[in-house]
Amino acid sequence: MALKVVILAAGKGTRMRSNIPKVLQPLAQRPLLQHVVNTAKQLDAETIITVIGHGADQVEQVMQGQNLVYAYQLEQKGTGHAVQQAIPFFGDEDTVLILYGDVPLTAMSTLEDLLSLVDDQHPLALLTINLDNPQGYGRIVRNTHHAVQAIVEQKDASVSQLQITEVNTGMMAVKGAHLRQWLGQLSANNAQGEYYLTDIIAACVNDGFEVHTTQPQAEIEVLGVNNKQQLQDLERQFQRQLADNLMQQGVTLIDANRIDIRGELKAGMDVSIDVNCVFEGKVELGDGVTIGANCVIKNAKLASGVIIYPFSHLEDVVMGENASAGPYARLRPGTDLGADVKIGNFVETKNAKIAQGSKVSHLSYIGDTVMGQDCNIGAGTITCNYDGVNKHLTQIGDRVFVGSDTQLVAPVVVGDDATIGAGSTITKAVPAAELTLSRSKQLTISGWQKPVKKAK
């Protein structure tokens, strides 16, 4: 017996008004479908069968490398018809879990509870929820003994059935043999003219089985997305959920409603994050890290005591203990800063390895550079690393002082303890412990007249 997950992802999503299939619309910068696939993988599903139709090529391209099996629903004839396309991929002894590609935030613990209800005596279990406003949902019809009898879709429900607040989420777990049998009994004799998956509930009851149900901890777990407004609403709810989790771990958020996590954020103790910060990819913050307002941080590892001042952008960056960057710093991929390194305002780095205690405080570009310890790089310094075709390396030793407005034309080596005078253009190796500078002679031209604007 194995777990097979069927994800229904064939819908067009017309109300999205987008050329992108609905299941590929982004939630926290990941496709809706990716969230569902990630959950299925956490459940150790042997096979993840994704039923696709509209935009199938796009879905396969975006989801390549995910080890998915695809079934194709070329005509949209309802949820029952969609699951029928997956029949070749599950066996009689399998347990089949049915999920939806546009319902991204179901907790793994909820699905584990659902799966635990299925056995040989109870071949079908259903995830339901009670809603204050059940409009649009199929109603769970129970008998006087509170046993589930059927699911009635909104358009087919009677006046009394419309008063029911317990509704179908669409998610269920079913034994393979019974699912195959009940799918074969489906009829399109209903208001929509479609094959409803929900009709298998009545078939299960008619065969003498009791349908077990469970409910999620929170409504967000079963919320689907049909248009951009719902997508935005779910984004905000999800982001608030992530923010609450951070605060429960001890992170200080200046405003929990103004943070976006679009990946994985791990934080140590006494971390503080100001407003309007965005975290993408994998970000790890050590103890005592402070992030200023309006920062974007992607794929970064910041050691304890790091300070990121406001309006800074970091991507593919490593920073050592008590290092700092910003405000308005841009640390690009390949930046590796040692302990106590200072990157100041309007400084850009790329492929730069800077050792402990060095400072680049103002208005500079440091690219394709290896810099030693305790260097001081003056304002307006540029490593001229690109000749128009290839990138070249600048090597700066320990305790080097570089004066303001200096250009280091790579490839070039600057020795330990060297001093470079302000305004220099360095094209040759700089010897250790010496002063090097390159300037034209300062001249004053007596009697020089400023140009005067000619009359029209």
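**Figure 1. The cavity of the predicted model.** The structure holds 1 cavity of 30 Å³ or more (on a 1 Å grid over the protein atoms alone, a set of points where a 1.4 Å probe fits but cannot get out; points are joined across faces, edges and corners, and the volume is the space filled by probe spheres set on them). About 30 Å³ of space lies in the largest cavity. Its lining (residues with an atom within 4 Å of a point) consists of H35, V36, T39, L99, V103, P104, T106 and M171. Helix α1 (residues 32–42) gives the most to this lining, with 3 residues; helices are DSSP runs of H or I of at least four residues, strands are runs of E of at least two, and both are numbered from the N terminus. The lining divides into 5 nonpolar, 3 polar and no charged residues (Ala, Val, Leu, Ile, Met, Phe, Trp, Tyr, Cys and Pro count as nonpolar, Asp, Glu, Lys and Arg as charged, the others, Gly among them, as polar). This is a predicted model, in which local features need pLDDT of at least 70 and side-chain atom pairs count only at pLDDT 80 or more, while totals for chains, interfaces and linings use all residues. Residues are numbered from 1 along each chain as its sequence is written, and side-chain values use heavy atoms, with hydrogens and water left out.

**Figure 2. Helix α6 and its cover.** In α6 (residues 199–206), I200, I201, A203, C204 and V205 are buried (under 20% relative accessible area; exposed is over 50%, partly exposed in between; 1.4 Å probe, protein chains only). The cover of these buried residues includes β7 (124–130), β9 (148–152), β10 (166–175) and α5 (176–183), with contact meaning heavy atoms within 4.5 Å. G208, which follows α6, has a positive phi, near 90 degrees.

**Figure 3. Aromatic pairs.** The whole structure contains 3 aromatic pairs (rings of Phe, Tyr and Trp, its six-membered ring, with centres within 6.5 Å; planes under 30 degrees apart are stacked, over 60 edge-to-face, the rest tilted). W182 and F209 are edge-to-face, because their ring centres are 6.5 Å apart and their planes at 65 degrees. W182 belongs to helix α5 and F209 to the loop between α6 and β11 (212–214), 27 residues apart. W182 is buried, at 0% relative accessible area, whereas F209 is partly exposed, at 22%. F311 and Y328 are stacked, at 4.9 Å centre to centre and 0 degrees between the planes. F311, Y328 and F346 form one aromatic cluster.

Key. On a 1 Å grid over the protein atoms alone, a cavity is a set of points where a 1.4 Å probe fits but cannot get out, and a pocket is an open set with protein on both sides within 12 Å along at least five of seven lines; lining residues have an atom within 4 Å of a point.
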